[in-house]
Amino acid sequence: MTEILLSYQTTMNVEHEISLLVEEIRRLGTKNADGQVSVKFGVLFADEKCANLFEALVGTLKAAKRRKIITYQGELLLQGVHDNVDIMLLQD
């Protein structure tokens, strides 16, 4: 029973972090011609509010990508190397 509860709490925490991530992408991003919001990884990573919100930004991004809420090129984003990678919000 404890394992099920911990799994549920972990899932809820991930969902909450993803919802915060979506808010931050909207705040920092810009709309393209198709109306989709995107933000550069470097902008998201360097933002002070995001740094305080997310313990593991890259992990939250991967979880959101798996759920098809966002998309970006590649599997793993690293500061510096991938600063110009666009993170596109798929669901609005």
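This is a predicted model: local features need pLDDT of at least 70, side-chain atom pairs count only at pLDDT 80 or more; totals for chains, interfaces and linings use all residues.
Buried means under 20% relative accessible area, exposed over 50%, partly exposed in between (1.4 Å probe, protein chains only). Helices (H or I, at least four residues) and strands (E, at least two) are DSSP runs, numbered from the N terminus. After H4 comes Lys68, with a positive phi near 60°.

I numbered residues from 1 along each chain as its sequence is written. Local features need pLDDT of at least 70, side-chain atom pairs count only at pLDDT 80 or more, totals for chains, interfaces and linings use all residues, and side-chain values use heavy atoms, without hydrogens and water.

Next, salt bridges: a side-chain nitrogen of Lys or Arg within 4 Å of a carboxyl oxygen of Asp or Glu. I count five by this rule.

I checked Glu24 with Arg27: they form a salt bridge at 2.6 Å, N to O. Both lie in helix H1 (residues 2–28), three residues apart. Glu24 is buried at 2% relative accessibility. Arg27 is partly exposed at 39%.

Lys49 also bridges to Glu24, at 3.3 Å, N to O. Lys49 lies in helix H3 (residues 48–53) and Glu24 in H1, so the pair ties together parts 25 residues apart in sequence.

Which residues do shared partners join into one network? I noted Glu24, Arg27, Asp47 and Lys49.
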